[in-house]
Amino acid sequence: MATQAGRLTQAHRQRGLFAQQEAVIAAAILVMTFVVSLANPDFFSATNLLDIAVNTAYIAVAAAGMTMVIVSGNIDISVGSMLGVCATIAGELARNGTPIPIAFLAAVAAGGLIGAINGALVAYARIPAIVVTLGMLSILRGGLILVTQGRWIESLPEEFFFSQRSTLGVPNPIWVMIAVTILVGLFMKYHRFGRAIYAVGGNAEAARLAGIDPRRVYMFVFVMNGLLVGLAAVLYASRFTAIQSNAGQGFELAVISGAVVGGVSILGGTGTVIGALLGSLLISLIGTASIFLKVSPFWLQAVQGGLILLTVLVDVVRRRRRA
Amino acid sequence: MTETTIAAPERSRRANLLRTQEGVLFVVLVAIIIGLSLLSDRFLTVNNLLNQTRLFTETALLALPMTLIIISGGIDLSVGSMLAWSAVMLGFSWQLVGLPLPLAVLICLLTGLLGGVINGLLIAYVRVPPLIATLATLAIYRGFSFGISQARSARGFPEEFAFWGQGQVGPFPTQFVILVVLIVIAHLVLSRTGFGRWVYAIGNNEVAARYSGIPVERVKFTLYAASGLMAGLAAFIFTSRVTTTRADAATGLELDVIAAVVLGGTSIFGGSGSIIGTVLGLLIITLLRNGLLLTGVKGDATFMVIGLVLILAVLINNLVRRR
């Protein structure tokens with residue numbers, strides 16, 4: 001906790017250009033929206049901007065969970081497979097006549113269960129998170145294909161499409177994204193257990209000596225991450241008319257990139273949910289902007305990768321100046 | 001003299017640990033071979049086994065430098081993308097630019113090397129954490145593959161080009177011979193040279209390694225550059241084998257490679273591991289996948305078993321060592 005406080009005061013002292021990653025990313029989002037809108041006024045339409053937000057929603061919801069995992073000093077690369085499994089569970093149940101809310105809850109619960117297995121293996125069996133979730137990635141992906149035999153889930157009932165509907169004129173996924181960001185953000189900032197995640201991620205041994213059990217923290221962050229991925233899967237599954245059997249492939253990269261671009265340090269101990277949201281938003285924004293700027297879509301991944309590298313370099317330079 | 005007396009107990013203790021780890025893997029491998037040959041009479045045939053070496057050579061080539069990288073406490077997630085980028089450059093410079101094929105192959109190798117050099121510079125000298133540096137370059141190199149090829153594949157390579165990926169040297173597939181030579185070299189470098197000891201030292205305690213005069217930056221840089229060069233070589237053999245270059249080649253291959261290395265007993269935290277272990281890990285994964293396919297399990301479902309084996313192997317290893 002002491003180092004955390006130390007870091008905060010130092011961050012406050014240095015009100016330079018790169019003082020706060022969240023501010024930098026927010027500024028980048030605004031500047032980019034402005035510039036692209038000048039080049040192509042169609043970009044600055046309510047439909048398009050809402051569309052970008054809806055595209056980001058399921059990534060940002062999972063990125064909130066990933067933030068907790070990474071801040072605690074771990075990583076979860078199984079979220080893509082997890083998303084596929086949870087989306088398939090929701091879809092299968094809904095198609096077989098299960099009431100929609102129960103189908104959605106089952107997807108979230110399945111995510112929580114998978115997260116609990118990941119968490120138990122990390123916390124109590126002491127297997128490094130990257131190995132556990134790498135194994136889980138294969139298990140879930142293989143299991144999903146074994147069960148679905150590669151078939152898509154189609155002809156879902158009308159009420160299933162939660163993400164296509166709006167409440168008070170704003171699409172549902174955006175409400176969910178905002179609610180999750182606020183709740184998880186407040187939890188991490190003010191709740192005792194939320195602060196414990198930072199403490200464990202900053203220095204697990206020091207946290208243990210201060211009376212925090214790192215194992216409980218690890219268990220908690222993986223379960224929470226699983227629940228949030230389940231929720232993201234609901235947003236994802238209920239958006240399009242079919243659920244593909246390879247749903248979620250590469251999703252882990254989008255989620256981790258969003259968090260890292262938003263200033264969540266891969267070394268653990270620092271980062272915020274709002275940063276992860278902004279990071280995810282910036283990555284989606286670049287995707288849509290490049291379409292409006294008529295950039296060949298084939299270069300898109302290189303641009304997004306360059307962005308990740310750039311933000312990391314800024315972070316490295318900033319740390320060095322502070323050190 | 002004094003050096004050997006001090007080093008001997010340390011070395012023999014490590015050798016014992018490794019021997020058990022590798023011994024366990026060997027027993028598992030034999031059990032798998034016996035089990036699968038009972039399940040399918042097509043499994044334990046010289047033809048099938050030699051054919052398998054064609055399929056796993058690319059993964060194996062990448063696993064060699066990956067073993068050293070993970071022992072040094074790092075990781076390289078970009079190997080699949082480097083392979084694709086190199087392959088695309090091969091096809092591009094031969095078919096679209098019209099360069100002679102040997103020159104195109106040279107460009108392919110140099111592209112891989114360039115990718116590795118960039119990783120090495122970022123990690124060793126700019127000090128970006130390996131996980132995040134190679135996550136960014138994973139996206140960037142994959143983006144280069146799509147951007148340069150515009151997602152078009154190159155094909156129609158001349159007959160003699162097939163030698164490297166489909167031809168034979170005596171009774172053995174060409175790439176198998178290349179692989180065996182490189183396995184021997186990697187094994188000797190890691191276990192018999194000063195450079196190999198530096199790799200272990202850095203993985204065990206980087207600060208201590210630096211204070212004892214080991215050129216940490218240069219060693220790390222060399223490892224990542226070697227990984228890139230190997231990706232270039234793998235791309236060449238891959239292209240010769242499948243006779244086409246595609247931007248989406250080897251997607252997700254990094255996970256296979258890392259799984260094999262970790263299954264082979266290399267600690268993801270660095271400091272311990274061996275090439276022999278990695279080779280055993282590779283054999284287990286390949287034979288398991290092939291054997292399951294022969295017994296009628298659907299392609300992608302075999303991933304499930306591999307994930308389970310990975311987690312169980314580390315779990316058992318942990319339990320044994322704790323005792």
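Is A:Glu92 buried, partly exposed or exposed, and what is its relative accessible area? A:Glu92 is partly exposed, at a relative accessible area of 27%, where buried means under 20%, exposed over 50% and partly exposed in between (1.4 Å probe, protein chains only). The model is a predicted one, so local features need pLDDT of at least 70 and side-chain atom pairs count only at pLDDT 80 or more, while totals for chains, interfaces and linings use all residues. Residues are numbered from 1 along each chain as its sequence is written, chains are lettered from A and ligands numbered from 1 in the order in which they are written, and side-chain values use heavy atoms, with hydrogens and water left out.

Back to A:Glu92: its side chain meets that of A:Arg95 in a salt bridge, at 3.2 Å from N to O. A salt bridge here is a side-chain nitrogen of Lys or Arg within 4 Å of a carboxyl oxygen of Asp or Glu. The two residues sit 3 apart in helix α4 (residues 79–95) of chain A, which means about one helical turn separates A:Glu92 from A:Arg95. Helices (H or I, at least four residues) and strands (E, at least two) are DSSP runs, numbered from the N terminus. A:Arg95 is also partly exposed, with 36% relative accessibility.

Over all chains, the structure holds 10 salt bridges. Another one joins B:Glu217 and B:Arg127, with the closest N and O atoms 3.3 Å apart. B:Glu217 belongs to helix α10 (residues 216–242) of chain B and B:Arg127 to the loop between α4 and α5 of chain B, so this pair ties together parts 90 residues apart in sequence. Both residues belong to a network of salt bridges that also links B:Glu206, B:Arg210 and B:Lys220. Most residues other than glycine have a negative phi. A:Leu168 has a positive phi too, near 55°; A:Leu168 is found in the loop between β1 (166–167) and β2 (170–171) of chain A and is exposed, at 77% relative accessible area.

Next come the rings. There are 19 aromatic pairs over all chains, counted when rings of Phe, Tyr and Trp (its six-membered ring) have centres within 6.5 Å; planes under 30 degrees apart count as stacked, over 60 as edge-to-face and the rest as tilted. A:Tyr58 and A:Phe251 are stacked, with ring centres 5.3 Å apart and planes at 5°. A:Tyr58 comes from helix α3 (residues 46–71) of chain A and A:Phe251 from helix α11 (residues 251–261) of chain A, so the pair bridges parts 193 residues apart in sequence. A:Tyr58 and A:Phe251 are both buried. In chain B, the rings of B:Trp94 and B:Phe157 are stacked as well, with centres 4.7 Å apart and planes at 25°.

Finally, the two chains meet. In this interface, 41 residues of chain B are in contact (heavy atoms within 4.5 Å) with 40 residues of chain A. The area buried between them is about 3500 Å², of which carbon and sulfur atoms give 82%; buried area is the accessible area (1.4 Å probe) that two parts lose on being put together, summed over both. Across this interface, 0 salt bridges are found.
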